[in-house]
Amino acid sequence: MAQRKRSQQKKHYENYLKGKSWKRKRRKIMQLSGRVCRVCRKRRATQVHHETYKRLYRERTTDLTAVCGTCHKKIHSR
Ligand SMILES: [Zn+2]
Ligand SMILES: [Zn+2]
């Protein structure tokens, strides 16, 4: 049962990332960072990382960080 609930939440999150409100938020984060990765400050930011999932679906700009693909992978493999 718990398994099923988790996969539904995952689905909800995936849909959220495809939605308009996320796209708007994402664009804002990219603009604020100057489209440069916040971690290496060299490569172009292509992804947005969640610093916290506490406010998932109603994130503040400080909850999100613009990152490049390489740094994003590093963050999640820590
Ligand atoms: Zn980077
Ligand atoms: Zn991330």
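Figure 1. Helix α2 covers residues 20-32, where helices (H or I, at least four residues) and strands (E, at least two) are DSSP runs numbered from the N terminus. The expected span of a helix is 1.5 Å times one less than its number of residues, so the 13 residues of α2 should span 18 Å, and the 19 Å between its end C-alpha atoms agrees with this. Leu32 belongs to this helix and counts as partly exposed because it has 13 C-beta neighbours inside 10 Å; a residue is buried if 20 or more other C-beta atoms lie within 10 Å of its own, exposed if 12 or fewer, and partly exposed in between, with C-beta atoms placed from the backbone. Just after α2, Gly34 takes a positive phi of about 70 degrees. This is a predicted model, in which local features need pLDDT of at least 70, side-chain atom pairs count only at pLDDT 80 or more, and totals for chains, interfaces and linings use all residues. Residues are numbered from 1 along each chain as its sequence is written, while chains are lettered from A and ligands numbered from 1 in the order in which they are written.

**Figure 2. The chain as a whole, with its confidence.** Three helices and two strands make up the secondary structure of the chain, and they follow one another in the pattern α-α-β-β-α. The C-alpha atoms fill a box of roughly 45 × 30 × 20 Å along the principal axes, and 13% of the 78 residues count as buried. The mean pLDDT (the predictor's confidence in each residue, from 0 to 100) is 94 for the chain, and 96% of the residues score at least 70.

**Figure 3. The paired strands β1 and β2.** Strand β1 (residues 47-50) and strand β2 run antiparallel and are joined by four bridges; two strands pair if DSSP finds at least two bridges between them. Val48 stands opposite Ala66 in β2. Leu64 and Ala66 point one way from β2, whereas Thr65 and Val67 point the other way, and all of them are buried. In a regular strand the side chains alternate between the two faces of the sheet.

Figure 4. Thr65 has its place in strand β2 and is buried because 21 other C-beta atoms lie within 10 Å. Apart from neighbours within four places in sequence, Thr65 is in contact (C-beta atoms, placed from the backbone, within 7 Å) with Arg38, Val48, His49 and Glu51. The C-alpha atoms of Thr65 and Cys37, which are 28 residues apart along the chain, are separated by 8.3 Å, and those of Leu32 and Thr65, 33 residues apart in sequence, by 9.5 Å.

**Figure 5. The largest nonpolar core and Cys68.** Nine residues make up this core, namely Ile29, Cys37, Ala45, Val48, Leu64, Ala66, Val67, Cys68 and Cys71. Strand β2 (residues 64-67) gives the most to this core, with three residues. A nonpolar core is a set of buried Ala, Val, Leu, Ile, Met, Phe, Trp, Tyr and Cys residues joined through C-beta atoms within 7 Å. Beyond its neighbours within four places in sequence, Cys68 is in contact with Cys37, Cys40, Arg43, Arg44, Ala45 and Thr46.

**Figure 6. Two loop residues with positive phi.** Most residues other than glycine have a negative phi. Arg41, found in the loop between α2 and β1, has a positive phi of about 55 degrees although it is not a glycine, and Arg41 counts as exposed because it has 12 C-beta neighbours inside 10 Å. Tyr57, in the loop between β1 and β2, likewise has a positive phi, near 80 degrees, and is exposed, with 12 other C-beta atoms within 10 Å.

Notes: Contact = placed C-beta atoms within 7 Å.
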